[in-house]
Amino acid sequence: MESLVACLNKKACRAELWRRAKETASKYKDELVNIAESLMNDERINERELDLALKALVVDPQYLHFKGIKVVTPIGFYLAREYDLDTVYATPGEVVLEGDWLFLHPTVKDYHEFLFSYLLDKMGPGEVALITPCSKVKPYRDSFMYKKIESIINKYGNDVWRFVMSEPLVIVPRFFDVYFPSAHYDYPPERVAPEEVPIYVDLVRKALEVIATRFERIVYTLPRKHKRIFEMAAEQANLSANYTPYNVYFFPRLKEAIV
């Protein structure tokens with residue numbers, strides 16, 4: 001388990017890991033779909049099924065290792081939706097989704113369904129929900145700022161669950177940045193059409209309303225454009241949150257906010 005988790009953090013290791021996972025999925029796709037659907041329906045699976053799901057990255061090894069919970073990854077969800085293997089097992093960092101109006105892209109809308117029908121309910125309960133921004137670098141964990149915040153969480157965060165705010169995916173829980181489609185899109189904030197902003201705000205509001213029921217506090221550290229969307233959504237949801245500037249010079253404040 002530890003070696004699998006470590007490989008997810010090593011860029012040089014991921015391509016081979018994804019190749020092996022895709023190979024496993026090509027042999028056992030129907031069984032993996034059944035495993036994913038069972039877990040998403042809160043049904044039990046046996047040890048063999050869990051081992052198979054981990055090898056195919058249908059269950060996330062990171063949440064199992066660090067939190068002791070079995071969480072179906074988007075790979076499992078998309079396999080159940082009959083997406084092809086080449087798409088869902090694209091190497092992390094390979095751009096698959098780009099263009100305009102991505103909030104309305106069918107793949108993105110499917111992710112939103114996964115997020116709200118299953119994923120957010122698996123997050124927590126916990127003390128702090130930390131909201132941070134996405135990055136141009138995919139997966140996010142390979143970016144400088146993501147790593148800086150991770151080091152703060154790992155050193156000082158007693159019960160901190162990180163959530164990445166993303167256009168167009170809205171919310172990506174910590175550890176899920178390596179999976180399709182989180183690691184496979186290119187949609188900078190300036191690309192978001194004015195007509196998409198109300199959609200973005202409403203989806204963030206909806207996510208915050210769920211997160212607020214699962215965590216004692218919400219802390220957010222976001223750059224200007226993300227901060228504006230977040231605060232509009234929080235106001236609509238009538239929620240309070242603790243803000244710290246998104247700047248390495250202010251990260252000592254972030255440490256204080258999550259401790």
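Is Tyr179 buried or exposed? In this predicted model, Tyr179 has 0% relative accessibility, so it counts as buried.

The structure holds 19 aromatic pairs. Take Tyr63 and Trp161: their ring centres are 6.1 Å apart and their planes meet at 25°, under the 30 degrees needed, so this pair is stacked. The two partners come from distant parts of the chain, with Tyr63 in helix α4 (residues 61–67) and Trp161 in strand β3 (residues 160–166), 98 residues apart. Both are tucked away from the surface: Tyr63 is buried at 2% relative accessibility, and Trp161 is buried too, with a relative accessible area of 7%.

Phe176 and Tyr179 pair up in another way. Their ring centres lie 5.4 Å apart with the planes at 80°, so the arrangement is edge-to-face. Phe176 has a relative accessible area of 0%, which means that it is buried.

Arg162 lies over the face of Tyr146, at 3.6 Å from the ring centre. Likewise, Lys227 puts its charged end over the ring of Tyr243, 4.8 Å from the centre.

Phe250 sits in the loop between β7 (242–243) and α11 (251–258). Its relative accessibility is 31%, so Phe250 counts as partly exposed.

Definitions and conventions: Residues numbered from 1 in each chain as written. Predicted model: local features only at pLDDT ≥ 70, side-chain atom pairs only at ≥ 80, totals over all residues. Heavy atoms only, no water. Helix = DSSP H or I, 4+ residues; strand = E, 2+ residues; numbered from the N terminus. Buried < 20%, exposed > 50% of the residue type's maximum accessible area, 1.4 Å probe, protein only. Phe/Tyr/Trp six-rings, centres within 6.5 Å; stacked < 30°, edge-to-face > 60°. Lys NZ or Arg CZ within 6 Å of the ring centre and 35° of its normal.
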